[in-house]
Amino acid sequence: MPAEPVAPPAVTDDDPGGRTVRRLVTLVALAAVLPALYLPGLVHDFFDLKIYMRAMRWWADGNPLYDYVQPDRVQGELYFTYPPFSALLLRPFALLPLGATVVIFTILTGLGVVLTTRWLLGPVIARYQLPRVFTIIVAVLLVLAVESTRETITFGQINMFLVVLILADLLFAVPQGRRWAGVGVGLATALKLFPGIFIVYLLACRRWWAAAVASATAAAATLLAAAVAPDDSWRFWTRELWDNDRVGRTDYTGNQSLFGLLSRFTAPDKPDRLPWLLLVAVIAGYGLWRAARAARAGDHLAGLTLTGLVGGLVSPITWTHHLYWFIPAVVVLADAAARADRSTLEGARRRYWRTTLAIGTAALIIYGVVSFYDWGVAPARTDNPGEFLVRNTYVLLSLLLLVTLPTRRNDGPEVPRRPAAEPEKLHQMDTRPE
């Protein structure tokens with residue numbers, strides 16, 4: 001009789017020295033790519049942060065805050081557009097040299113990236129027993145490579161501060177039923193109006209207490225600013241809030257919202273508001289319905305990610321540095337792909353498509369559609385399908401993820417299952433008397 005084939009030995013990692021070298025090479029390679037990715041963004045030279053600081057000095061000199069204007073070759077004229085509460089918190093920085101403010105904002109943004117990345121990956125690391133430090137460092141380097149992060153840092157934006165407040169609320173305080181749940185979302189909304197979509201999300205999830213706390217926090221912060229600067233507050237809420245032209249041109253490619261997509265069809269004219277409002281109603285309704293379903297299933301990360309995508313789509317202006325929400329989308333897709341049951345054809349298909357979408361999304365958001373193209377200064381219409389795809393990449397990706405982002409039934413770490421014993425081993429293990 002022919003000898004039975006011998007199974008190959010199990011692959012084990014019994015070379016910790018070699019493993020350490022491979023990890024170091026991976027980290028060095030990723031870190032070496034970052035300077036090349038940041039090179040195009042260096043022309044921004046902390047442009048937005050400089051506007052904030054000049055506006056604060058203008059305000060500190062006794063001038064009306066929202067009268068400050070700065071010429072720009074692309075947008076024409078740029079103003080200070082944040083709510084008065086943001087101005088209240090930014091004003092002390094007017095006392096510092098601009099260089100010191102740049103360093104502080106950059107360091108705080110970097111810390112925000114590290115903190116939020118740990119929050120996103122904590123359950124995944126526990127579930128698959130991944131090497132914690134190595135996994136987080138790799139993930140942080142990848143997040144730093146994403147276009148929204150690069151634009152946030154090189155423009156000197158405040159987006160990561162808002163993300164920290166939102167994630168702290170929606171990943172921890174709200175699911176745990178804390179009495180202060182909603183404070184983070186409320187503060188973020190008072191700082192920059194975009195996070196108000198997460199109050200609507202809390203209402204859709206029937207988190208009445210958290211929604212009430214968020215609304216009360218936003219109102220209290222707004223009233224505090226009104227008490228300090230009543231004239232500027234009145235002007236902002238009654239006039240400047242409704243003037244989209246103060247923020248910039250809506251047709252510019254950097255505006256990756258639905259309104260931006262429509263504006264690129266009608267430039268230099270503005271699109272009709274009625275079709276846009278109808279699209280906003282449909283997309284907001286569908287997206288928040290999916291987000292609430294995900295939250296009720298226990299997948300709070302998918303819920304807040306879908307909500308962030310909705311906010312980016314329905315806002316009249318959504319610059320690329322606002323689009324952090326692709327990052328948690330990649331985490332959800334990768335985790336859902338790893339969970340798929342490979343023993344069935346349907347499970348194998350889900351694994352393949354989720355993996356493909358995760359890799360494709362990561363590649364798009366790292367490459368970027370704005371950083372590597374010069375879209376010119378003059379308004380230009382979208383004239384052909386190829387240009388339509390490139391100029392609206394993030395809008396289309398947001399719509400795709402809004403439909404396809406999976407909901408994971410249990411978002412917490414799982415105890416690894418013990419492999420089922422083979423029948424002959426089961427017989428050997430059964431020592432009970434007959």
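Predicted model: local features only at pLDDT ≥ 70, side-chain atom pairs only at ≥ 80, totals over all residues.
Residues are numbered from 1 along each chain as its sequence is written, and side-chain values use heavy atoms, with hydrogens and water left out. Helices are DSSP runs (H or I, at least four residues), numbered from the N terminus.

**Helix H7**

- H7 covers residues 159–173, which is 15 residues, and reaches 20 Å from its first C-alpha to its last.
- That reach is close to the 21 Å expected at 1.5 Å a residue, where the expected span is 1.5 Å times one less than the number of residues.
- Eleven of the 15 residues are buried, so H7 is largely enclosed by the rest of the structure; buried means under 20% relative accessible area (1.4 Å probe, protein chains only).
- Among the buried residues of H7 are Asn159, Met160, Leu162, Asp169 and Ala173.
- The cover over the buried residues of H7 includes H4 (98–128), H6 (147–155), H8 (183–191), H9 (197–204) and H14 (300–314).

**Helix H9**

- Ile197, Phe198, Ile199, Tyr201 and Leu202 are buried in H9.
- These buried residues of H9 pack against H7, H8, H10, H13 (273–296) and H14.

**H8 with H10**

- H8 packs with H10 (residues 208–228) at an angle of about 40°, and their axes are 7 Å apart; axes are lines fitted to C-alpha atoms over the stretch in contact, and angles run from 0 to 180 degrees between N-to-C directions.
- H8 and H10 are therefore oblique to each other (angles under 35 degrees count as roughly parallel, over 145 as roughly antiparallel, 65 to 115 as roughly perpendicular and the rest as oblique).
- On the H8 side, Val183, Val185, Gly186, Leu187, Thr189 and Ala190 meet residues of H10 that include Val213, Ala214 and Thr217; contact means heavy atoms within 4.5 Å.
- By class, this contact of H8 with H10 has eight nonpolar, four polar and no charged residues (Ala, Val, Leu, Ile, Met, Phe, Trp, Tyr, Cys and Pro count as nonpolar, Asp, Glu, Lys and Arg as charged, and the others, Gly among them, as polar).

**H16 with H18**

- The axes of H16 (residues 345–367) and H18 (residues 393–404) come within 12 Å and cross at roughly 155°.
- H16 and H18 are therefore roughly antiparallel to each other.
- Leu357, Thr361, Leu364 and Ile365 of H16 make the contact with residues of H18 including Tyr394, Leu397 and Leu400.
- The contact of H16 with H18 has seven nonpolar, three polar and no charged residues.

Note on methods
Helix = DSSP H or I, 4+ residues; strand = E, 2+ residues; numbered from the N terminus. Buried < 20%, exposed > 50% of the residue type's maximum accessible area, 1.4 Å probe, protein only.
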